[in-house]
Amino acid sequence: MKYISTRGRAPELTFEEAMLTGLARDGGLYVPADIPTLSGDEIAALANQPYEEVAFRIMRPFIGDTFSDDEFRGIIARAYAGFEHASRAPLVQLGPGHFLLELFHGPTLAFKDFAMQLIGQLFEASLTRSGDRVTIVGATSGDTGSAAIEAFRGLDAVDVFILFPHGRVSEVQRRQMTTPAETNVHALSVTGHFDDCQARVKDMFNDFAFRDEVRLAGVNSINWARVLAQVVYYFTSAVALGAPHRKVGFTVPTGNFGDIFAGYIARRMGLPIDRLVVATNQNDILHRCLTTGRYLPEGVIPSISPSMDIQVSSNFERVLFEAYDRDGAAVAQLMDELKAGGFTVSQGALERLQDLFLSGRASEEETGATIRRLRETAGETLCPHSAVGVKVAEEHLDPGVPMITLATAHPAKFPDAVEAATGARPGLPPHMADLFDRDERVTRVENDLAEIEHFIRENIAN
Ligand SMILES: Cc1ncc(COP(=O)(O)O)c(C=O)c1O
Ligand SMILES: N[C@@H](CCOP(=O)(O)O)C(=O)O
């Protein structure tokens, strides 16, 4: 299995190389050269299998010869051993034909754990074998950072630097990033919003001297392994509702487009997904683009679903690559136009995107009202991101096809928003009960590439 860049001008890599490389050297994102498919019988055979077994069967074809079957099974087993729920990703019925896929039973209470716990194990196995060290940088609107720090804390072969927007993550998210005592992890509070953090991370990858000097690696969803790990729960949930004999729909609260892109990959692999619905909060650039074809960032507006306060959606590039028939030059051109302010997709590409995705947006009021209503009608307390998903999903229900909405975080990560909506403050689970008593360690930095690179150089263990 080879991996190619969405901009067409970077070397082809193996799975292991793509995983350790992060951003391609032409600025693009790695995608598999071919997408393997599963037959109807192979999908049907996933029914009633443990999550780890499904993960092995879905991801194995993408891994190539990076790991033996036994090694890969061991990696998967260790990755999911710390999840609180036996089925890892349980389905809960919200109403007729509408289900919630709870993806928040991992150690940091967000869907990011599914991929990050796996990547931690993959990096450890690969770096132990090679004896190399890497420096991981990541940008976060709150959840990727905490999941990455949890997955890599204390690992000898990596230093981790996470950039988060100052004052724009919830207090629980901030403390998850700032309280771990391990000296190989560093939380950097950056003046600006998430898009600034993500832009600085990409700048570091495009600064080849720095990149090579510190041996940069990335664990944002620019890393293909992140997307791959997220494909698995589309299969487990769809099969639980009768796939491949029955079609299903998914609605995905969307920011950086990694999670819903995993759903797109699941469909390409043969899962009968009837509708893939992009759900955005008031930062609705993806909904606007899928409706009009124009991708014009307008500046981030802080919301009660802060992890989705994103205007420059990294993985949208991967789906543009598909909508433009894998024409890397066309994608590179669009990305140049984005740097200059925005772009308009061609009519043909827009039609392809609209065939692939439906979309909708939820306002702040609608999000709060959905949290309140679902608690009353279904006894389910949603986090604000999941509430955005549920609200948008309700506009796309079809009596003949079950809809699965992804619940991407635990309500306790956003207690203020949930309390404002319901009057009840969700409590943290026992393993995080003392989070507010722990000491914080955080470095305040400006949105300045040179300052951030200097801090990283000074703080990596050589
Ligand atoms: C809780 C939560 N929900 C939804 C999203 C959106 O996921 P994606 O960026 O993969 O679109 C994020 C982060 O981006 C998140 O942290
Ligand atoms: N919502 C994310 C934003 C980064 O997304 P990623 O999937 O590219 O890592 C976060 O919580 O940080």
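1. Strands S4 and S14. Strand S4 (residues 98-102) runs parallel to S14, and 5 bridges join the two. Within this pairing, Leu-101 of the chain sits opposite Leu-406 in S14. Please keep in mind that this is a predicted model.

2. Strands S9 and S14. S14 also pairs with strand S9 (residues 248-253), again in the parallel sense, over 3 bridges. Here Thr-405 in S14 is the bridge partner of Thr-251.

3. Burial of S14. Strand S14 spans residues 403-407 and is mostly covered, with 5 of its 5 residues buried. Met-403, Thr-405 and Ala-407 point one way from the strand, while Ile-404 and Leu-406 point the other way. The residues on both sides are buried.

4. The UniProt record, an unreviewed entry, annotates Lys-112 as "modified residue: N6-(pyridoxal phosphate)lysine". In the model, Lys-112 belongs to helix H5 (residues 112-130). Lys-112 counts as buried because 33 other C-beta atoms lie within 10 Å, where 20 or more are required. Leaving aside residues up to four places away in sequence, Lys-112 touches Asp-143, Thr-144 and Ala-147.

5. Ligand 1. There are 15 residues around ligand 1, and those that come nearest are Asp-143, Asn-256, Gly-258, Ser-307 and Thr-408. By class, the shell divides into 8 polar, 5 nonpolar and 2 charged residues. Asp-143, listed here among the nearest, is also one of the contacts of Lys-112.

6. Ligand 2. The shell around ligand 2 holds 13 residues, with Thr-140, Asp-143, Thr-144, Asn-220 and Ser-221 coming nearest. This shell has 12 polar residues and 1 charged residue, and no nonpolar ones. Helix H6 (residues 143-152) gives the most to the shell, with 3 residues.

7. Gly-74. Gly-74 is found in helix H4 (residues 69-80). Gly-74 counts as partly exposed because 14 C-beta neighbours lie inside 10 Å, a number between the limits of 12 or fewer for exposed and 20 or more for buried. The C-alpha atoms of Gly-74 and Leu-435 are separated by 31 Å, and the two residues are 361 apart along the chain.

Note on methods:
Residues are numbered from 1 along each chain as its sequence is written. Chains are lettered from A and ligands numbered from 1 in the order in which they are written. This is a predicted model: local features need pLDDT of at least 70, side-chain atom pairs count only at pLDDT 80 or more; totals for chains, interfaces and linings use all residues. A residue is near a molecule or strand if its C-beta atom, placed from the backbone, lies within 6 Å of it. Ala, Val, Leu, Ile, Met, Phe, Trp, Tyr, Cys and Pro count as nonpolar, Asp, Glu, Lys and Arg as charged, and the others, Gly among them, as polar. UniProt positions are given in the numbering used here, feature names are shortened, and annotations may be inferred rather than shown by experiment. Helices (H or I, at least four residues) and strands (E, at least two) are DSSP runs, numbered from the N terminus. Two residues are in contact if their C-beta atoms, placed from the backbone, lie within 7 Å. Two strands pair if DSSP finds at least two bridges between them.
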